[in-house]
Amino acid sequence: MLDVLYFAWLRERIGQPRERIETSAATVRDLVAELAAMDEWHAAAFSDMSAVRCAVDQQLAELDTSLNEVREVAFFPPMTGG
């Protein structure tokens, strides 16, 4: 089982802040494909991956990051600061 967290507009598009899913995804990219295929809300949230960042077990990660033994993946918009 994998906890998937959504922040900011991703949470609004999907309609929930988190979900626990069973997945066979090997990488974050595979997980995104599975999530986007679930329904129109997930598809809308993941339609432009240039506007989405992710963290794996609370560490910033790339789409090709392995999900082997991962407990949590979080998706959020790019952060800005000043």
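**Exercise 1. Determine which elements the buried residues of helix H2 pack against, and where on the helix these residues lie.**

The buried residues of H2 pack against S1, strand S2 (18-21), H3, S3 and S5, with contact meaning heavy atoms within 4.5 Å. Helices (H or I, at least four residues) and strands (E, at least two) are DSSP runs, numbered from the N terminus. This is a predicted model, in which local features need pLDDT of at least 70 and side-chain atom pairs count only at pLDDT 80 or more, while totals for chains, interfaces and linings use all residues. Residues are numbered from 1 along each chain as its sequence is written, and side-chain values use heavy atoms, without hydrogens and water.

Step 1. H2 spans residues 28-36, and its buried residues include Val-28, Leu-31, Val-32 and Leu-35. Buried means under 20% relative accessible area, exposed over 50%, partly exposed in between (1.4 Å probe, protein chains only).

Step 2. Viewed down the H2 axis, the buried residues fall within an arc of 100°, so they line one face of the helix. The arc is taken from the directions from the helix axis to the C-beta atoms.

**Exercise 2. Classify the ring pairs that link Tyr-6, Phe-46 and Phe-75 into a cluster.**

Step 1. Rings of Phe, Tyr and Trp (its six-membered ring) pair if their centres lie within 6.5 Å; planes under 30 degrees apart count as stacked, over 60 as edge-to-face and the rest as tilted.

Step 2. The structure holds 3 aromatic pairs. Tyr-6 and Phe-75 are stacked, because their ring centres are 6.4 Å apart and their planes at 15°. Tyr-6 lies in strand S1 (residues 2-6) and Phe-75 in strand S5 (residues 72-76), 69 residues apart.

Step 3. Phe-75 is buried at 0% relative accessibility. Phe-46 and Phe-75 are edge-to-face, at 5.0 Å centre to centre and 75° between the planes.
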